[in-house]
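Here is a brief report on the model shown below.

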Amino acid sequence: MKACARIERRLGKYASGHLPPGEREAIMTHLRDCPSCRAGEARWQRLLEAASAGKLDSDRAMTGIDWEGLAQRIADEAERRAAGRRARPEPRPGFFGWLFRPAMAYLLAGLVLGGLGMWAVFKAGVFNPKPRPGFYASSEFLDKAELELARRETVDYLERSQYLLLDFSQTSADPSGAARRIETASGRAVDLLARKKFINSQLDAVPMAKAREICDQIEALCLELSQLGGRLDDAQWREIQGRVRRSQLLLKINLVKKELQSREI
Amino acid sequence: MRYKPYRTLLVGWLILAGLCLPARSQDRPEDKLFREAKLLIFDAQWAAALDKLESILSQYPTSPATPQVLFYKAECLSKAPGRAKDALRAYQDYLKTDDRSESLIEQAEVSIIDLSYGLYASGDKDAVKDIVGRLANPNKAVKYYAAYKLSAVKDKAVAAKSVPVLQRIISTETNPELTDRARIALLRVSPKSLEGVERRPDEPRTKVLRILITGEGTSRVDLSIPLALADLALQAISDSDKAMMRRKGYDLDRILRDLARSGSSILEIRGAEGEGIIKIWIETRK
């Protein structure tokens with residue numbers, strides 16, 4: 001077997017006639033007894049015949065070539081390419097070579113998609129909303145604005161009520177001037193009743209809950225006072241004054257007023 | 001002449017008795033009950049007050065105090081849960097009486113508006129008619145109140161009926177509380193109607209307050225409102241934003257002062273990292 005492997009390696013040279021006579025005869029002897037190596041030798045012969053047929057064609061082609069002109073053209077082209085390479089250094093094949101081409105493609109695709117996304121976002125005006133014409137405000141904001149307005153009106157209402165009650169508590173039942181002062185108080189009570197209407201809706205909101213009870217008590221007093229005109233007898237006067245004292249209305253008004261005022265910016 | 005104290009005392013007592021007797025003699029039995037009922041109302045004891053008022057109406061049906069008793073009965077019913085319709089009827093009964101007082105009529109009309117709004121909000125669509133009807137009330141306070149209340153109705157087509165009255169409030173009233181309320185109501189119902197009424201003949205340009213509050217990339221507040229509502233708007237921004245403004249040394253007065261000084265340029269208040277950016281400026285529009 002070993003002999004066959006050695007012979008097989010030499011068959012190319014044997015078929016082309018490039019072996020010394022002694023070696024050539026030894027191979028001939030082996031080929032007579034070994035059909036496998038003989039088949040190998042036959043393949044080499046066919047190959048060499050095909051090659052010699054191609055050589056005939058190439059010989060025919062070679063005769064038509066202007067060898068001197070071709071040599072000049074090759075030299076010129078080589079010089080031109082060498083000059084181009086000096087001007088533009090060839091990229092490093094390691095980084096931009098075939099290994100990184102998919103990564104580069106993905107990166108490019110990512111950039112394109114990202115760019116399109118950003119364009120869509122900016123166009124929608126998320127970061128930089130376009131000024132819209134006319135007035136506009138969210139309903140949440142309007143609710144808050146109404147609550148703020150009610151807070152201010154409640155402070156004002158409590159303040160006016162405080163003055164009315166202080167004035168009333170200092171009014172004696174004696175006939176001189178009392179009727180006029182009570183009439184004034186009655187007029188002011190009517191004004192307070194009108195103011196209370198506008199804060200009623202907001203008094204149910206959480207920040208105003210403490211003011212609700214007091215404002216309702218003031219309203220009940222104002223309703224009574226508004227009906228008196230200048231008529232108030234001693235018993236009525238004492239009864240209303242007692243009611244204001246007993247309920248500590250003036251103290252409560254002060255406390256709630258302070259709390260509502262402290263909500264300012 | 002010798003001073004006689006017993007004589008002074010006697011004269012004083014006679015004067016006092018003279019003052020008190022006519023009043024006491026006018027005190028009818030139902031008056032005492034009525035005073036007790038009012039006391040209960042003052043203490044928010046609505047059910048007990050209602051009992052007392054009903055007993056006055058049944059025992060003294062022809063009393064001169066009947067109209068007032070009817071009014072207070074309606075007040076008590078309006079506070080009782082689930083009795084809104086009874087309260088409405090009681091107020092209407094009061095309005096039909098002959099001896100009515102102006103202040104109680106106004107109070108009753110306003111209470112009817114409130115009760116109707118509550119009924120409408122809980123699904124009784126017909127109740128809104130009582131509010132719409134009062135838009136033409138001769139009493140200005142009742143008419144205005146009906147318009148404010150109607151503007152808060154969810155059905156925009158119904159709410160739009162309040163627009164003419166609200167516009168009229170802005171163009172004719174001088175009380176800022178009334179006009180600011182009307183502006184807020186119009187912003188809710190029809191901002192376009194507000195634009196028309198804000199443009200005065202002597203001032204063809206409208207000053208608009210713009211507030212933009214952004215934080216973490218999203219717009220949280222974006223406002224475009226009449227400058228007249230500036231202080232209200234600044235007060236209505238969230239507590240956290242107000243706290244940030246205070247930390248940066250801004251209070252309401254300073255913001256308004258800076259805005260007035262800077263004219264149309266933007267006042268920008270930047271919070272710490274993670275907080276928002278508040279931009280406030282004034283635009284002048286034709």
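Chain B has 15 helices and four strands. The model is predicted. Of the 286 residues of chain B, 35% count as buried. Take the contacts in chain B between residues at least 6 apart in sequence: 45% of them join residues at least 24 apart.

**A helix pair in chain B**

Helix α8(B) spans residues 140-151, and helix α10(B) spans residues 163-172. The two pack with their axes 9 Å apart, at an angle of about 120 degrees. An angle over 145 degrees would count as roughly antiparallel, and 65 to 115 as roughly perpendicular. The pair α8(B) and α10(B) is therefore oblique. Their crossing is left-handed. On the α8(B) side, the contact uses Lys143(B), Tyr144(B), Ala147(B) and Ser151(B). On the α10(B) side, Val165(B), Leu166(B) and Ile169(B) take part. By class, this contact has five nonpolar residues, one polar and one charged.

**Strand pairing in chain B**

Strand β4(B), residues 277-285, pairs with β1(B), residues 206-215. Strand β4(B) also pairs with β3(B), residues 267-270. The table sets out both pairings.

Strands β3(B) and β4(B) form a hairpin with six residues between the strands. In that hairpin, Gly274(B) takes a positive phi near 90 degrees.

**Where chain A meets chain B**

How many residues does each chain bring to the contact? Chain A gives 37 residues and chain B gives 44 residues. Four helices of chain A each supply at least two residues of the side that touches chain B: α7 (139-170), α8 (175-199), α9 (209-228) and α10 (234-246). The largest share of that side, nine residues, comes from α7(A). By class, the side of chain A that touches chain B has 18 nonpolar, six polar and 13 charged residues.

Technical notes. Residues numbered from 1 in each chain as written. Chains lettered and ligands numbered in written order. Predicted model: local features only at pLDDT ≥ 70, side-chain atom pairs only at ≥ 80, totals over all residues. Pairing = 2+ DSSP bridges. Contact = placed C-beta atoms within 7 Å. Nonpolar A, V, L, I, M, F, W, Y, C, P; charged D, E, K, R; others polar. Buried ≥ 20, exposed ≤ 12 C-beta atoms within 10 Å, placed from the backbone. Axes fitted to C-alpha atoms, helices over the stretch in contact; angles between N-to-C directions. Parallel < 35°, antiparallel > 145°, perpendicular 65-115°, else oblique. Left-handed = near helix turned anticlockwise from the far one by under 90°.
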